[in-house]
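User: I am new to this structure and would like to know what stands behind the words used for it. Please set each value against its definition.

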Amino acid sequence: MAFSLPSPPLKLPTSYASSTVNNHTLSASATSIRNTRKGLSLRRTFVVKASEKDDENPSFNPFGFVTDNPSSRSAIQLPENPAEDGNVGQMLYRIEDKGREYGSYIKSGGFRWFVRETGSSDARLGPRGTVVFLHGAPTQSYSYRVVMSQLAEAGFHCFAPDWIGFGFSDKPQPGYGFDYTEKEYHEQLDKLLDVLEVKSPFSLVVQGFLVGSYGLTWALKNPSRISKLVIMNTPLTASSPVPGLFQQLRIPLLGEFTCQNAIMAERFIEAGSAYVLKVEKADVYRLPYLKSSGPGFALLEATKRANFKGTSGQIADGFASGRWDTPILVAWGISDKYLPQSIAEEFQKGNPSAVTVKLIEGAGHMPQEDWPEKVIDALRYFL
């Protein structure tokens, strides 16, 4: 439904994110528009009238996925003074330098990786050695910043790259040297480890869906390179559920729409946890998706090419007794809304001599973000 604006046109502050569009609100808004020159506030009238109507007869809010998220409100809510109204450009200016702790760009395999590094390079030759952290989708290596900082103080040399297509690493267009397949991710990880001069064997820490799972299938192909393996909340059995985000991404048209939701990553993190991200953290997870369409389309392509159930089954079989004997620590956030505790327990039953399960109370799908102190304690003891 549309309505006519007075002439000359007025530039109006946008508050649709906190309202429900229906006949009553449109009528109220039109009245406010006509009276704007008389000093009445469009923003105030629009929101109040929408709220009053919602109280009488709650209806569908097309912007609910935004307004239901406390940490996202600052990204879309505008100030009361229209002269200070925000926009994407101002938002990027505010957050574009955030989230690059311990990181630098590394050229490898024709692509530019963003890699975080803590600890001295001399530590790789010491008793602690090197630890490589691999994140899952749709997040980034930023989630490991606290853990790797503390492990560096304990004498470890740590690397945490953003996978190609994620975080601050390159997002190549499919068909131009990278098609977001599992095989290509494995090949590019091999090349990156060579450039970083990561000597084998090293400790590997993996968490999350999709590219997180690819970290585990890479380990299955390179068992001699792994001294110890740590797994945090990753699909480990054929029965592991696939979150709704990835199911939506595989639906034609809906997938293209979903992948361009700038707050997708932070929403995914919060939906899998008992906590709401602080705004400064949500800013970092939002930044790549807000800055360009590339990360969203990279996630879309990777999701379409993934075999979630097949990969989970491969992981369960590959790490079973008789096929894997390197020590594994499963550090599991028991408040994970995507992967229940039973996944970790079932995985341990497949290889009880190699797998130790450490339950992390209070942590959800990303223990390293929810409760890094407990993750650090578990890693220091195991590694």
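User: Which residues is L204 in contact with, leaving aside its neighbours within four places in sequence?

Analyst: L204 is in contact with V132, L134, G215, W218, A219, I226, K228, L229 and V230. Contact means heavy atoms within 4.5 Å. This is a predicted model, in which local features need pLDDT of at least 70 and side-chain atom pairs count only at pLDDT 80 or more, while totals for chains, interfaces and linings use all residues. Residues are numbered from 1 along each chain as its sequence is written, and side-chain values use heavy atoms, with hydrogens and water left out.

User: What is the largest nonpolar core, and which residues have the most contacts inside it?

Analyst: The largest nonpolar core has 66 residues, and Y185, L204 and L210 have the most contacts inside it. A set of residues is called a nonpolar core if they are buried Ala, Val, Leu, Ile, Met, Phe, Trp, Tyr or Cys joined through side-chain atoms within 4.5 Å. Buried means under 20% relative accessible area, exposed over 50%, and partly exposed in between (1.4 Å probe, protein chains only). Helix α8 gives the largest share of this core, five residues. Another core lies apart from it, with 23 residues, among them C158, A160, I360 and A378.

User: Why is the pair R112 and D170 called a salt bridge?

Analyst: A salt bridge is a side-chain nitrogen of Lys or Arg within 4 Å of a carboxyl oxygen of Asp or Glu. The closest N and O atoms of R112 and D170 are 3.9 Å apart, so the pair meets the cut-off. R112 lies in strand β2 and D170 in the loop between β4 and α7, so the pair ties together parts that are 58 residues apart in sequence. R112, at 38% relative accessible area, is partly exposed, and D170, at 22%, is partly exposed too.

User: How do you know whether D190 and R225 are buried or partly exposed?

Analyst: D190 has a relative accessibility of 26%, so it counts as partly exposed. R225 has 15%, so it counts as buried. Their side chains form a salt bridge of 3.7 Å, N to O. D190 is in helix α7 and R225 in the loop between α8 and β6, 35 residues apart.

User: How many salt bridges are there, and which residues form a network?

Analyst: A search of the whole structure finds ten salt bridges. K98, E266, D283 and R286 are linked in a network of them. Within it, R286 and D283 meet at 2.7 Å, N to O. Both residues lie in helix α12, three residues apart, about one turn of the helix. An α-helix has 3.6 residues a turn, so residues three or four places apart point the same way. Both R286 and D283 are buried.

User: Is S273 buried or exposed, and what joins its side chain to D370?

Analyst: S273 has a relative accessible area of 6%, so it is buried. It lies in the loop between α11 and α12. A polar contact of 3.0 Å joins the side chains of S273 and D370. A polar contact is a pair of N or O atoms within 3.5 Å; within protein, one must be able to donate a hydrogen and the other to accept it, and residues adjacent in sequence count only if both atoms are side-chain atoms.

How values were computed. Helix = DSSP H or I, 4+ residues; strand = E, 2+ residues; numbered from the N terminus.
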